[in-house]
Amino acid sequence: MMMKKYILDMRVVENVRLHDRYCLLKLTDNKRLPEILPGQFVQVRVDGSDQIFLRRPISVNYVDKETNTLWLLVQIVGEGTRKMAERISGDTVNLILPLGNGFSAPAQNSGILLIGGGVGTAPLLFMGKMLKNSGFTPEFLLGGRSANDIMQIPEFEQFGNVYLTTEDGSAGEKGFVTHHSVLGKKKFDKIYTCGPRPMMMAVAKYAKNQNIDCEVSLENMMACGFGTCLCCVEKTVRGNVCTCTEGPVFNINQLKWQI
């Protein structure tokens with residue numbers, strides 16, 4: 001379904017520094033926010049720099065309809081995201097939204113697991129809310145290098161049980177998400193995942209071996225958001241497609257991954 005796109009000058013309500021490399025921007029608009037689906041993203045114009053010309057794609061972390069706020073979890077990796085992280089309450093941020101296709105709804109009475117790694121946990125919070133509102137009780141499996149790299153745990157806990165893995169063992173079980181003991185204890189019918197590509201490929205392999213329906217949210221470099229620059233092309237069973245328009249969410253059966 002094609003959704004109408006908007007260019008909005010949104011106001012920063014709050015900028016929460018969660019980590020030395022992560023911040024949470026909470027934005028609002030004078031008008032009611034347009035419909036946004038879990039898994040969709042926005043393109044943020046980077047102001048205040050003569051070196052940045054392209055917008056930055058950021059996953060929608062959360063939408064709070066009661067307060068009319070949109071949350072963006074920003075990982076600070078370069079000049080563009082550093083400028084975004086400098087925004088303070090009252091500043092204006094220009095966005096194009098909503099972009100891409102989001103997660104699909106699961107079948108009723110499904111056992112649902114959402115797996116996220118690093119900043120890839122971002123779209124899963126909004127998805128968790130939508131699932132909870134639809135009568136599901138999802139499980140979350142969140143991973144990171146260390147405890148400092150797993151964010152928003154209290155927010156996730158509002159919507160379901162949360163399990164953790166860290167590579168150094170500083171939180172939850174030591175190891176990768178695909179090694180967590182919950183995978184052997186509970187039955188899941190649907191998996192949604194987002195994070196580093198090697199992690200998602202490992203999750204996809206597990207899901208395929210277990211005959212579990214699985215959707216991944218790709219993090220390909222997306223410069224334009226409209227399928228014109230061809231930066232984000234992904235190989236699929238239908239040929240090469242632009243992740244920004246055909247995704248970023250794909251069922252693993254659509255992808256030509258060696259899993």
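How many aromatic pairs does the structure hold? With rings of Phe, Tyr and Trp (its six-membered ring) taken to pair if their centres lie within 6.5 Å, the count comes to five aromatic pairs. The structure is a predicted model, in which local features need pLDDT of at least 70 and side-chain atom pairs count only at pLDDT 80 or more, whereas totals for chains, interfaces and linings use all residues. Residues are numbered from 1 along each chain as its sequence is written, and side-chain values use heavy atoms, with hydrogens and water left out.

One of the aromatic pairs is formed by tyrosine 62 and phenylalanine 126, whose ring centres are 6.5 Å apart with 70 degrees between the planes, an edge-to-face arrangement (planes under 30 degrees apart count as stacked, over 60 as edge-to-face and the rest as tilted). Because tyrosine 62 belongs to strand β5 (residues 62–64) and phenylalanine 126 to helix α2 (residues 122–133), this pair ties together parts that are 64 residues apart in sequence; helices (H or I, at least four residues) and strands (E, at least two) are DSSP runs, numbered from the N terminus. Tyrosine 62 also pairs with phenylalanine 159, here in a stacked arrangement with 6.4 Å centre to centre and 25 degrees between the planes. Phenylalanine 159 lies in the loop between α3 (153–157) and β10 (161–166) and tyrosine 62 in strand β5, so the pair ties together parts that are 97 residues apart in sequence. Tyrosine 62 is buried, with a relative accessible area of 11%, and phenylalanine 159 likewise counts as buried, at 7% relative accessibility, where buried means under 20% relative accessible area, exposed over 50% and partly exposed in between (1.4 Å probe, protein chains only). Phenylalanine 126 is buried as well. Ring pairs link Tyr62, Trp71, Phe126 and Phe159 into a cluster. Over the face of tryptophan 71 lies lysine 26, at 4.2 Å from the ring centre, a charge being placed over a ring if NZ of Lys or CZ of Arg is within 6 Å of the ring centre and within 35 degrees of the ring normal.

Salt bridges, defined by a side-chain nitrogen of Lys or Arg within 4 Å of a carboxyl oxygen of Asp or Glu, number twelve in the structure. The side chains of lysine 186 and glutamate 139 meet in one of them, with an N to O distance of 2.8 Å. Lysine 186 is placed in the loop between α4 (182–185) and β12 (190–194) and glutamate 139 in strand β9 (residues 139–144), so this pair ties together parts that are 47 residues apart in sequence. Lysine 186 counts as partly exposed at 34% relative accessibility, whereas glutamate 139 is buried, with a relative accessible area of 10%. A salt bridge also joins glutamate 215 to lysine 190, the closest N and O atoms being 3.0 Å apart; the pair links distant parts of the chain, with glutamate 215 in strand β13 (residues 213–217) and lysine 190 in strand β12, 25 residues apart. Both of these residues, glutamate 215 and lysine 190, are buried.

Backbone geometry was examined next. Most residues other than glycine have a negative phi, and most peptide bonds are trans. The peptide bond from leucine 97 to proline 98 is cis, with omega near -15 degrees, and proline 98 is found in strand β7 (residues 92–99). A cis peptide bond also leads from glycine 247 to proline 248, with omega near 10 degrees, and proline 248 is found in the loop between α6 (243–246) and β16 (249–251). Asparagine 109, in the loop between β7 and β8 (112–117), has a positive phi near 65 degrees and is exposed, with a relative accessible area of 77%. Leucine 230 has a positive phi of about 65 degrees although it is not a glycine; leucine 230 lies in the loop between β13 and β14 (233–236) and is exposed, with a relative accessible area of 54%.
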